[in-house]
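Have a look at the sequence and the model below, and keep both handy while you read. We'll go through some helices first and then a few single residues.

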Amino acid sequence: GCPLHYDVPTYVGLIADGKHREALKLIKDSTPVAYSLGAVCPAFCEDECRRQEIEETIAIRLLKKAVAEFDMESDNPYIPEVRGKRDEKIAVVGGGPSGLTAATQLSRRGYGVTIYESQKKLGGMLRYGIPEFRLPKKLLDREVELALRIGDIDVKTETTLGEDVTLEELMAEYDAVYLATGA
């Protein structure tokens with residue numbers, strides 16, 4: 001039931017076996033915002049959970065949130081490794097969930113990435129559309145900080161596409177441009 005196709009059975013099983021770091025690694029290999037997703041995801045996976053045929057649905061969303069929070073508060077949070085170094089540079093326009101995910105995945109593969117964000121801080125709708133009681137901004141800040149430790153990611157905030165920089169300028173300067181302007 002997961003629209004992002006996370007390997008839910010495997011990471012839930014790892015958590016059940018007490019292998020929290022391994023579960024988090026599996027989750028964060030797909031997304032840099034595991035805690036945020038655990039806080040705001042509509043949990044379609046829980047509607048499809050086969051465990052409800054035996055007793056009750058597993059709280060999949062809350063398990064993801066808990067293991068991510070445990071990691072963020074640890075002395076040694078998981079940072080996905082970078083595989084190699086490439087010469088190509090990529091611009092990512094938008095620092096919300098899609099842009100952060102693209103930037104971290106590309107950076108892990110050795111690309112130099114620059115995120116262009118029109119707002120003062122990264123996070124997109126997670127920051128500017130989700131209320132504080134649902135997603136504490138200090139935890140979102142920590143998640144973003146950890147994401148930016150992955151490889152070679154530069155950030156230019158308060159830089160609006162079409163005003164401060166044009167698509168043509170980005171296409172001339174970078175080998176690729178990913179548009180993640182979101183809402």
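The buried residues of α6 are covered by a set of elements that includes β1 (89–93), β2 (112–116), α8 (137–147), β3 (153–156) and β4 (176–179). Those buried residues are Gly 99, Leu 100, Ala 102, Ala 103, Thr 104, Gln 105, Ser 107 and Arg 108. Here "buried" means under 20% relative accessible area, "exposed" means over 50%, and "partly exposed" is in between (1.4 Å probe, protein chains only). Helices (H or I, at least four residues) and strands (E, at least two) are DSSP runs, numbered from the N terminus.

This is a predicted model, where local features need pLDDT of at least 70 and side-chain atom pairs count only at pLDDT 80 or more, while totals for chains, interfaces and linings use all residues. Residues are numbered from 1 along each chain as its sequence is written, and side-chain values use heavy atoms, with hydrogens and water left out.

Back to α6: what span should its 12 residues have, at 1.5 Å a residue? The expected span (1.5 Å times one less than the number of residues) is 16 Å for α6, residues 97–108, and its end C-alpha atoms are 16 Å apart, which agrees. Just after α6 comes Gly 110, with a positive phi of about 95 degrees.

Now for α8. Its buried residues are Lys 137, Leu 139, Leu 140, Glu 143, Val 144, Leu 146 and Ala 147. They pack against α2, α3 (34–40), α5, α6, α7 and β3.

**Helices that cross**

Two packed helices are described by the angle between their axes and the distance between the axes. The axes are lines fitted to C-alpha atoms, for helices over the stretch in contact, and angles run from 0 to 180 degrees between N-to-C directions.

| Helix pair | Axes come within | Crossing angle |
|---|---|---|
| α1 (residues 8–16) and α5 (residues 60–72) | 11 Å | roughly 60 degrees |
| α2 (residues 20–28) and α5 | 10 Å | roughly 105 degrees |

How do you put those angles into words? Angles under 35 degrees count as roughly parallel, over 145 as roughly antiparallel, 65 to 115 as roughly perpendicular and the rest as oblique.

So α1 and α5 are oblique to each other. Their contact (heavy atoms within 4.5 Å) is made by Val 8, Tyr 11, Val 12 and Ile 15 of α1, and by Ile 60, Leu 63, Lys 64 and Val 67 of α5. Sort the residues of this contact and you get seven nonpolar, no polar and one charged. For that sorting, Ala, Val, Leu, Ile, Met, Phe, Trp, Tyr, Cys and Pro count as nonpolar, Asp, Glu, Lys and Arg as charged, and the others, Gly among them, as polar.

The α2 and α5 pair, on the other hand, is roughly perpendicular. On the α2 side, His 20, Arg 21, Leu 24, Ile 27 and Lys 28 make the contact, and on the α5 side Lys 64, Val 67, Ala 68 and Asp 71 do. This contact of α2 with α5 divides into four nonpolar, one polar and four charged residues.

**A few single residues**

Val 12 sits in helix α1. Is Val 12 buried or exposed? With a relative accessible area of 13%, Val 12 is buried. Setting aside residues up to four places away in sequence, Val 12 touches Ile 58, Ile 60 and Leu 63.

Ala 91 belongs to strand β1, and at 0% relative accessibility it counts as buried. Again not counting residues up to four places away, Ala 91 touches Thr 114, Tyr 116, Leu 170, Tyr 174, Ala 176, Val 177 and Tyr 178.

Asn 76 is in the loop between α5 and β1. Its relative accessible area is 52%, so Asn 76 is exposed. Leaving out neighbours within four places in sequence, Asn 76 is in contact with Arg 21 and Asp 71.

Met 125 is part of helix α7 (residues 125–128). Why does Met 125 count as partly exposed? Because its relative accessibility is 46%. Beyond residues up to four places away in sequence, Met 125 touches Ile 130 and Ala 183.

Finally, most residues other than glycine have a negative phi. Glu 158 has a positive phi, near 50 degrees, and you'll find Glu 158 in the loop between β3 and α9 (167–173).
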